Amino acid sequence: MLRIGIVGLPQTGKTTLFQILTHAHGSATGSARQEARVGVVRVPDARLDRLTEMFKPQKTVHATIEYMDMPGSVIELARTGVQSQALRELDALVHVVRAFENEAVPTEAGSVDPKRDIENVELELILSDLAVVEKRLERLEKDIKKQKNPALEKELLVLTVCKAALEKQTPLREVDLGAEESKVIRGFTFLSLKPMLYVLNLGEGDAAKANLAEQFAAKAGLKQRLRTGVSAICGKVEAELSEMSDADAAEFLLSYGSMPVINSWV
Ligand SMILES: Nc1nc2c(ncn2[C@@H]2O[C@H](COP(=O)(O)OP(=O)(O)O)[C@@H](O)[C@H]2O)c(=O)[nH]1
Ligand SMILES: [Mg+2]
């Protein structure tokens, strides 16, 4: 099962997105403050439906995804040893980036600036990995001096490449390591190595602007990055939609003049 962590700064819409994806109910700011909430969803798959129809098996097993609503600030999580463990266990990250203005919902930095937030969080993931790499390299150099060992030398080589990338502030997910090299570093569960999907959480006024995610991705230099995707939603509209019947949802959508579900992958 794929484990995907919904991360970001406080008050960006993480819990809202979690609730949309998992249809979980309850207060967005309630008891889920301290611990990550977990929701398992079945992945819709038209091919599987067709096969089930054709073969009528006793049981149909969908692929599942586990979403974790990671509370608080991902920066704090990445900085704290014990808590970063929860991040390390994830297969991929969804970074919810606040793009909606709402004075009633304060932002941590005092203003809405998606590009800044993305860069700050990325830097934190990179610094966390760099600390791990430096510590391991120190140890490796000592061990290799004592005794020649091809496996350790290989590890040294790969980690040196990683260190150089991290020092240039390049996340490891964007480093094109070979299969064998990737295997060497798998055990470190580096944070900046995890595939990343940025989800821009737009204001209601922007809900109908279908190409906003793409424009933003281009401006923020996020296009054509390895293992990186950009998408946009309007959390508030989506949250309302997910509570409605299909008929009500269709009517509600019409009032927006177009589909508020903005989904652009780059
Ligand atoms: N205006 C507006 N408010 C939103 C949107 N998404 C979330 N919010 C509000 O922002 C607040 C924080 O959302 P929440 O999902 O709890 O953020 P979290 O702290 O990242 O989990 C809540 O009051 C939400 O109703 C949005 O797209 N537009
Ligand atoms: Mg939350």
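Two helices, α1 (14-22) and α9 (235-242), each contribute at least two residues to the shell around ligand 1; helices here are DSSP runs of H or I of at least four residues and strands are runs of E of at least two, numbered from the N terminus. The model is predicted, so that local features need pLDDT of at least 70 and side-chain atom pairs count only at pLDDT 80 or more, whereas totals for chains, interfaces and linings use all residues. Residues are numbered from 1 along each chain as its sequence is written, chains are lettered from A and ligands numbered from 1 in the order in which they are written, and side-chain values use heavy atoms, without hydrogens and water.

The largest share of the shell, three residues, comes from α1. In total, 18 residues surround ligand 1, the closest being Gln11, Lys14, Thr15, Thr16 and Asn201; a residue is near the ligand if one of its heavy atoms lies within 4 Å of it. Oxygen atoms of ligand 1 lie 2.9 Å from a backbone N or O atom of Gln11, 2.8 Å from a side-chain N or O atom of Thr15 and 2.6 Å from a side-chain N or O atom of Thr16. The protein buries 84% of the 570 Å² that ligand 1 exposes when taken alone, with areas from the Shrake-Rupley method and a 1.4 Å probe.

Strand β4 (residues 92-98) runs parallel to β5 and is joined to it by six bridges, pairing requiring at least two DSSP bridges. Leu93 stands opposite Met196. Strand β6 (residues 228-233) also pairs with β5 in the parallel sense, over six bridges, and Ile233 of β6 is the bridge partner of Asn201.

The whole structure holds 16 salt bridges, each a side-chain nitrogen of Lys or Arg within 4 Å of a carboxyl oxygen of Asp or Glu. In one of them, Lys154 and Glu181 meet at 3.1 Å, N to O. Lys154 lies in helix α6 (residues 150-167) and Glu181 in helix α7 (residues 179-185), so the pair ties together parts 27 residues apart in sequence.

Technical notes:
Polar contact = N/O pair within 3.5 Å; in protein donor to acceptor, adjacent residues only side chain to side chain.
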